[in-house]
Amino acid sequence: FSGMTIGALLLTTAGCGGGAAPAANSGSQGGEAAKIGVISYLTGGGAAYGQAIKEGLDLAAGEINAQGKLKVELIYEDSRGEKTEAINAANKLINKDNVVGIIGPTLSGEMFAAGPIADQAGVPIMGTSTTAEGIPALGNFVFRNALPEFLAVPQAVEKAISTYNLKKVAVMYSNNNDWAVSGYKTIESTLKKNGVEIVATETFADKDTDYSAQLTKIAALKPDAVMVSSLYQEASLVLKKAREIGITVPFVGTNGFNSPELIKIAGAAADGAIVASPWFPGKQDDKVQKFIADYKAKYNNKIPDQFAAQSYDALYMFASALEKAGSTTDRQKLRDSIANIKDFQGVTGKFAFDEKREPVMNATVLIIKDGQFTELK
Ligand code: 1QQ
């Protein structure tokens, strides 16, 4: 019976919304640790995204706790890239763990499912990799510090158009992934705006492994480039097959291409793939280079990718917002404090939220050359 009582009490607290979160305590100076929930894609086909996110968060948490001003405790839930798992994770973190805020989930589709739950419970939630159109519009407690595709994709597409003088292009996307569909729509509108002809639009689904039908059709049309909106698992197989059947033209990708796992799986077939990112490890900036050095020291000489960089920045944003809020437990205060972030300087550059809570940040257009992301100038 006592277990049931505790459960009911926690539900009551959470059900009252952010304004009624447990009484504020003095978060700083040795107060209780701020409990932050993390929903991440930690196992399954796209786990390289979630693992990078976890590594960035763990590095930041260690640094923040060592500084001694504020203690943070991360509570991880693996959503496996599934909407239902993301919903279960959000409910557990909100009602059982009583977190002050949530970082994640990894995929926009997961955020479309879990974001409204956090919003209704009055718990701030921030995606670090959710780039589809419409994320902050889910509610006042929903944030992202990921570069939205409506800012990233036009830059990559237009850079490719001007660099390679593109006249006709083929497009491919995963049609059962909310984010991939959103990215595809931005590709399409950018091509139309720039007067580039779309000679073919081919679809597939997440977890597909055979792309020969779509690519054979595309090869016959001899496009100047192929633009693909999908996660790395699918994109790397598309690239491999395309190169195998003689499609040598540049590929332009959406955010899924930003994982080095794409290069690992596709190998040399990834060369010539173009993508926009707010993260570029070659940037000559002290903060960036220190982050890379610390990350390499902690993770076996591994270079942090965009997903690690964005989650690292996200936890520092939470920490600075919690300090300004003066509480480690007040969800409403944390929400307001995050919304007020204006001049944050992270490893992904300068960051602010606009009046719609959309990130204001800059991107670099990258191209994979000899198995490395380099700046496309
Ligand atoms: C989204 C994305 C994915 C590439 C994250 C891994 O951008 O789902 O919004």
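The legends below describe close-up views of aromatic rings and their neighbours in a predicted model.

**View 1. Tyr pair Y49 and Y232.** Among the eleven aromatic pairs that the structure holds is the one formed by Y49 and Y232, whose ring centres lie 4.7 Å apart with the planes at 55 degrees, so the pair counts as tilted. Because Y49 belongs to helix 2 (residues 47–67) and Y232 to helix 8 (residues 232–244), this contact ties together parts that are 183 residues apart in sequence. Both Y49 and Y232 are buried.

**View 2. Y49 with F307.** The ring of Y49 also pairs with that of F307, and here the centres are 4.8 Å apart and the planes stand at 65 degrees, so the arrangement is edge-to-face. Since Y49 lies in helix 2 whereas F307 lies in helix 11 (residues 306–325), the pair ties together parts that are 258 residues apart in sequence. F307, like Y49, is buried.

**View 3. An aromatic cluster.** Six residues are shown together in this view, namely W279, F291, Y295, Y299, Y312 and Y316, and they form one aromatic cluster.

**View 4. K54 and the ring of Y76.** The charged end of K54 is placed over the ring of Y76, at a distance of 4.7 Å from the centre of that ring.

**View 5. R357 and the ring of F143.** In this view R357 lies over the face of F143, and the distance to the ring centre is 5.7 Å.

How values were computed. Residues are numbered from 1 along each chain as its sequence is written. This is a predicted model: local features need pLDDT of at least 70, side-chain atom pairs count only at pLDDT 80 or more; totals for chains, interfaces and linings use all residues. Side-chain values use heavy atoms; hydrogens and water are left out. Rings of Phe, Tyr and Trp (its six-membered ring) pair if their centres lie within 6.5 Å; planes under 30 degrees apart count as stacked, over 60 as edge-to-face and the rest as tilted. Helices (H or I, at least four residues) and strands (E, at least two) are DSSP runs, numbered from the N terminus. Buried means under 20% relative accessible area, exposed over 50%, partly exposed in between (1.4 Å probe, protein chains only). A charge sits over a ring if NZ of Lys or CZ of Arg is within 6 Å of the ring centre and within 35 degrees of the ring normal.
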